[in-house]
Amino acid sequence: MAPISTADLRDSPVVILPKPSPKAIESRLFINNEFIPSVSGKRFDVISPITEAVSASVYEAGVEDVELAVQAAKAALPAWSERNATERAHFLNKWADALEAAAEEMAYLDAISMGKPAYPDRLAPMVPIIVRFFAAKALDITGESSLNSAGFMNVSLRQPYGVCAAITPWNAPVMMMVYKVSAALITGNTLVLKSSEKSPLSSLVAARCAREAGFPPGVLNVLSGFGRPCGEALARHMEIRKISFTGSTATGKAIQKCAAESNLKSVSLELGGKSPLVIFEDADLAKAIPASTMSILMNSGQVCNAITRVYVHESLAEAFIEGVKGAMSAMGASANPLHEGTMRGPQADRLQFERVLAYLDLAKQSGIRIAHGGNREASPGYYVEPTILVDVPEDSRLVKEEIFGPVLIVNRFSEENDALNRANDSEYGLYASVFTRDLSRAIRVAKRLEAGSVGVNCTSPVLAMDMPFGGWKSSGQGREFSRYATDYWTELKSVYFAI
């Protein structure tokens, strides 16, 4: 399967999206195939990062709602797990069709909740592709057999965990949702999913699509809520046997702790990143410049595997910096994400906006060279200028911590070993890239880079559905995509047949 990059979707036809009225926005929880208010009746506001005004008021799931959802998933489990795998695939394929039909509606809702550009939504075509990919894996979920023990035929089985949970992030709500839902359901599990409180609206449309696709009641349940109490209740629930989380490393650690303190449920984590790019003296800058610029500006820099640290050979450093400045000016102009042609919207919310500005203030206070940007870009709305920071000390928080905004650090090197040591000097290990024309060096460097994915003469967001995606070190454990994804949603059992 060819790698998929959102850059490939740049020329997708622009469509004019419908703008649902606030009354049409679903705000309830989705439990047992029904949209219902929360038990407490509490709501929380979703704030538009475009206008800084309320976009919707959504019901907040609490501990009681988690219990209702878990019991619905538990009741649905026996029939769902015993279905033929091809029947489960049929439901997923119908879900993909429904999601495709609702793409414009979900893009609009993501724009007004977390600011992702909607004209067009570059990630939208990937959503049904992901679901159909996992539907096609239905008959690949198998074990092994062995005749190596005299008098025995032994087999291993892959079976569902049972009732599972997933917690998704705010930066790509539906795409992250379908990663987890598709892999969990095709393997026979039932699921309770909590969306991010920053962008819950499109996930509720995806839940409606599941009902339209004929999903049996209880197979998929979707809750809108906060980490506490909702997320913590899922992580501690004694009847949930596996939980998958995508988000910050700090929250991932908290989830792992809750799992250990409850029933030692299996935990998969896809966490933060501080992804490096190493550009050698023989690199093709005509490719490296737009690739690195797209990586840091996509979704306003709010991407876990975005290239944020560039180590460029000193002979190319100034040419690279000037090239990226030009590319940022051409590609990075922010605007209302509901306007046609907008390439980059605001940061997702005030907290994220102020976090990015705090890092830019740190750069100014530290005397860091700011080659481009460095300030708030517009008001109202949470807009930040695309920024290039040059020659940043390796022990700076700017190098060590995940900023999650349109901020690119560019440092120079002269020796390969030094560049790789600095690239690997991070607690994160989600994605890394190298640009060189030397095949031997490309292989050598790809082997040494400490990351779950490595791009050679390309950068994130390049990925391939049939290749595993996930992190090393503090960037997580477990994998999305590929045959390994379904492995992480199944328990392995050995059965010994005496002949």
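1. Helix α3 gives the most to the lining of the second largest cavity: four residues. Elements here are DSSP runs numbered from the N terminus, with helices (H or I) of at least four residues and strands (E) of at least two. A cavity is a set of points on a 1 Å grid over the protein atoms alone where a 1.4 Å probe fits but cannot get out, and lining residues have an atom within 4 Å of a point.

2. The model is predicted: local features need pLDDT of at least 70, side-chain atom pairs count only at pLDDT 80 or more, and totals for chains, interfaces and linings use all residues. Residues are numbered from 1 along each chain as its sequence is written, and side-chain values use heavy atoms, with hydrogens and water left out.

3. Stay with the second largest cavity. By class, the lining of the second largest cavity has 12 nonpolar, no polar and three charged residues. Nonpolar covers Ala, Val, Leu, Ile, Met, Phe, Trp, Tyr, Cys and Pro; charged covers Asp, Glu, Lys and Arg; the others, Gly among them, are polar.

4. How many cavities of 30 Å³ or more does the whole structure hold? The search finds six. The largest cavity holds about 200 Å³ of space. It is lined by 17 residues, with Met-175, Met-176, Tyr-179, Val-303 and Asn-305 the closest to its centre. Helix α5 (residues 173-186) supplies the largest share of this lining, three residues. In the lining of the largest cavity, 12 residues are nonpolar, five are polar and none is charged. Domain 1 (29-271 + 478-495) and domain 2 (275-470) each give at least three residues to the lining of the largest cavity. The domain bounds come from an automatic or database assignment.

5. Now the largest pocket. A pocket is an open set of points with protein on both sides within 12 Å along at least five of seven lines. The largest pocket has a volume of about 1,000 Å³. Of its 41 lining residues, Trp-170, Phe-245, Gly-247, Ser-248 and Thr-251 are closest to the centre. The elements giving two or more residues are α7 (227-236), β10 (242-246), α8 (249-261) and α11. Helix α8 gives the most, with eight residues. The lining of the largest pocket divides into 17 nonpolar, 12 polar and 12 charged residues. Here too, domain 1 and domain 2 each give at least three residues to the lining.

6. The structure holds 11 aromatic pairs. Rings of Phe, Tyr and Trp (its six-membered ring) pair if their centres lie within 6.5 Å; planes under 30 degrees apart are stacked, over 60 edge-to-face, the rest tilted. Phe-91 and Phe-215 pair edge-to-face, 6.2 Å centre to centre with 85° between the planes. Phe-91 is in helix α2 (residues 85-101) and Phe-215 in the loop between α6 (201-212) and β9 (220-224), 124 residues apart. Both Phe-91 and Phe-215 are buried. Buried means under 20% relative accessible area, exposed over 50%, partly exposed in between (1.4 Å probe, protein chains only).

7. Phe-353 and Tyr-382 form a tilted pair: 5.4 Å between centres, 35° between planes. Phe-353 is in helix α11 (residues 350-365), and Tyr-382 is in the loop between β15 (376-378) and β16 (383-384), 29 residues apart. Phe-353 is buried at 3% relative accessible area, and Tyr-382 is buried at 5%. Elsewhere, ring pairs link Trp-80, Phe-91, Trp-95 and Phe-215 into a cluster.

8. Check two cis peptide bonds. Arg-228 to Pro-229 is cis, with omega near 10°; Pro-229 is in helix α7. Ser-460 to Pro-461 is cis, with omega near 15°; Pro-461 lies in the loop between β21 (453-456) and β22 (472-473).

9. Asn-32 or Ser-300: which is buried, which partly exposed? Asn-32 counts as partly exposed because its relative accessibility is 37%, while Ser-300 is buried at 2%. Asn-32 is not a glycine, yet has a positive phi of about 60°. Ser-300 is not a glycine either, and has a positive phi of about 60°. Asn-32 lies in the loop between β1 (29-31) and β2 (34-36); Ser-300 is in the loop between α9 (285-297) and β13 (307-313).

Technical notes:
Grid points are joined across faces, edges and corners, and a volume is the space filled by probe spheres set on the points.
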